[in-house]
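Thanks for coming, everyone. I'll walk through one model today, helices and then rings. Here it is.

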Amino acid sequence: MAAEPVDVLVIGGGITGAGIARDAALRGFRTAVVDKGDLGGGTSSLSSRLIHGGIRYLEQGELRLVFEASHERRVLLGIAPHLVHPLPFLFPVYRGARIPAWKLRAGMWLYDLLAAFHNVKWHRWLGRKATQRLEPGLRDKELKGAALYYDAQTDDARLVIATMRSAAQAGALVANYAEATALLKPDGRVGGATMRDRLTGQASTIRALVVVNAAGPWVDRVRSLDDTGADPLLRPTKGVHVAVPRKRIGHTHALTLTSPIDGRVMFVLPWDDLSYIGTTDSDDDASPDEVRATADDVVYLLRSANAFFPHARLSPADVVASWAGLRPLLRPPRDVTASAASREHRVVESPSGLLTIAGGKLTTYRVMARDGVDRVPAPPRELDGAMDRGASDRTARHLVARYGSESAAVLNLVDRDRALGRPIVAGRPALWAEVAHAVEREMAVRLSDVLVRRLHLFYATSDQGVPAASPVAEWLAEPLGWDAPRRAEEVTGYRELVERSRAFAKEAATVGES
Ligand SMILES: Cc1cc2nc3c(=O)[nH]c(=O)nc-3n(C[C@H](O)[C@H](O)[C@H](O)COP(=O)(O)OP(=O)(O)OC[C@H]3O[C@@H](n4cnc5c(N)ncnc54)[C@H](O)[C@@H]3O)c2cc1C
């Protein structure tokens, strides 16, 4: 990465950065992506591991987001079937619950309709008995029934790794434990970053046409490397999960529940022989490097789960693992609660050209990547062979005009064989080295390939290169394995080609005579 400049440097190797790196590399940008820790070590490995339409967002009226997420769910089920699996959910309804049955029914229809044939399966409405049959451990007091609907579950960290590997296969350069510590601004525009290798402490610089800040909950910190007074884009919220032995709860489906403590929608999700319960959603000022589950968070989750599965009697001693992450949510207008903050994303360009992508979620990472890379201007890409023209003598000008940066390669052939430095036709600049170049590197296989299209003697000389036909055919005989008859055939063929091209002259003469 430090060796030569890239088109796009992505700071952040979570799902957003991985998606951007893959998209950019596939579009042909020279791409580098760095993470200060492990790939996916930020929020992207601390999620609820759902690839979901976002049933919760219906309550906030975010229909566009649900539509977009449902579409992405369908795509990801298709492109990563080993990592994204359909998952049936039960959403039980109790008498007096915050979300009444009629509202849930309407929501389920809307959820499926917004998926517009992208849904995993259509939802079904279950009565009390059918619900109890499916999940006997559920509290039956006041139970009215349940919605059975479908979303998908993933392994979030593996999804990042798979996307990163795909980016690397498309040509992206990937570095972990490489932290961007400062931005290079040679002319006031952001043109790369200073890096610190977190394992060795070594510093280096990466030059880039465009730097994309995809640092998740750290995006405002990276923005402050560009401008210490930059307005924060995020209002992150903390989300905690706990994992407990599945047999303690005894469920088979994923469950969507409204916490009896504060009415928030939460999940109990199966994961092999564990269940994980999540999530909390609270404003948090903690640094993304230090966020952790508190005893209050854990008690909230366990009490909420116990309220629906009374036999579980979960206590903090049952917790096998916990994880806490910061959602990199866009800073909302005032008066919006943490849970109601939007999951939309935004791409923001700073006055010095730093592109920041903020907000979003795991499910919509491909859309974020597309929107981010759409803002990267296409670099002026030279065609192979382009180079500065600076040669002074006639041969050099001739070669540069035809071969550009490959002129040097043509001249290198002369180093191999001095005879190749001689002109083919005395007084003209074309060299024997060009014949060798045409065969060895430009796939010429016929005499006409060389004289017509590679060397242009056919067009550029009044004799149309006929005097050169025999000597060039003789030279070509060795690399192309021609025997004497074949050589003669090529020369005759070339002469006929020239004659055919001159036939008009005879016709014109006849027309003139008559
Ligand atoms: C509790 C919780 C549950 C969630 N559940 C879901 C869910 O079920 N489904 C869903 O779709 N979404 C979910 N989300 C949202 C989703 O997880 C995030 O939106 C997504 O993972 C963010 O990815 P990211 O790549 O933008 O950020 P991150 O994954 O945090 O990646 C940013 C990376 O930038 C790196 N970085 C930071 N600073 C620098 C620097 N200076 N130099 C180099 N690297 C740097 C960090 O090390 C980090 O790895 C959840 C989020 C939370 C918190």
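Helix H10 (394–403) and helix H12 (432–441) are among the elements that cover the buried residues of H11, where a contact means heavy atoms within 4.5 Å. A word on terms. Helices (H or I, at least four residues) and strands (E, at least two) are DSSP runs, numbered from the N terminus. Buried means under 20% relative accessible area, exposed over 50%, and partly exposed in between, with a 1.4 Å probe and protein chains only.

Note that this is a predicted model: local features need pLDDT of at least 70, side-chain atom pairs count only at pLDDT 80 or more, and totals for chains, interfaces and linings use all residues. Residues are numbered from 1 along each chain as its sequence is written, and side-chain values use heavy atoms, leaving out hydrogens and water.

Back to H11, residues 407–416. Its buried residues are Ser-407, Val-410, Leu-413 and Val-414. They cover an arc of only 115 degrees around the axis, which puts them on the same side of H11. That arc is taken from the directions from the helix axis to the C-beta atoms. The face turned away from the buried side carries the exposed Asp-415 and Arg-416.

Now helix H3. At 1.5 Å a residue, its 14 residues should span 20 Å, and the end C-alpha atoms are 20 Å apart, which agrees. The expected span is 1.5 Å times one less than the number of residues. In H3, Ala-101, Leu-104, Gly-107, Met-108, Tyr-111, Asp-112 and Leu-114 are buried. Down the axis of H3, the buried residues fall within an arc of 160 degrees, so they line one face of the helix. Trp-102 and Leu-113 are exposed on the other side. The cover over the buried residues of H3 includes helix H2 (63–79), S4, strand S5 (124–127) and S6. Just after H3, Ala-116 takes a positive phi of about 40 degrees.

On to the rings. Rings of Phe, Tyr and Trp (its six-membered ring) pair if their centres lie within 6.5 Å; planes under 30 degrees apart count as stacked, over 60 as edge-to-face and the rest as tilted. How many aromatic pairs does this rule give? The count is 9. One of them is Phe-89 with Phe-267, edge-to-face, 5.9 Å centre to centre and 75 degrees between the planes. Phe-89 lies in strand S4 (residues 84–94) and Phe-267 in strand S13 (residues 265–271), so the pair ties together parts that are 178 residues apart in sequence. Both Phe-89 and Phe-267 are buried.

Next, Tyr-111 and Tyr-149. Their ring centres are 5.9 Å apart and the planes are at 80 degrees, so this pair is edge-to-face. Tyr-111 lies in helix H3 (residues 101–114) and Tyr-149 in strand S6 (residues 143–154), so the pair ties together parts 38 residues apart in sequence. Tyr-111 and Tyr-149 are buried. Phe-89, Tyr-111, Tyr-149 and Phe-267 form one aromatic cluster.

Charges over rings. The rule: NZ of Lys or CZ of Arg within 6 Å of the ring centre and within 35 degrees of the ring normal. Arg-49 lies over the face of Tyr-276, 4.9 Å from the ring centre. Arg-139 lies over the face of Phe-308, at 5.8 Å.

Last, Thr-31. Its place is in strand S2 (residues 31–34). Buried or exposed? At 2% relative accessibility, Thr-31 counts as buried. Beyond four places in sequence, Thr-31 touches Val-8, Val-10, Ala-21, Ala-24, Ala-25, Gly-171, Ala-172 and Leu-173.
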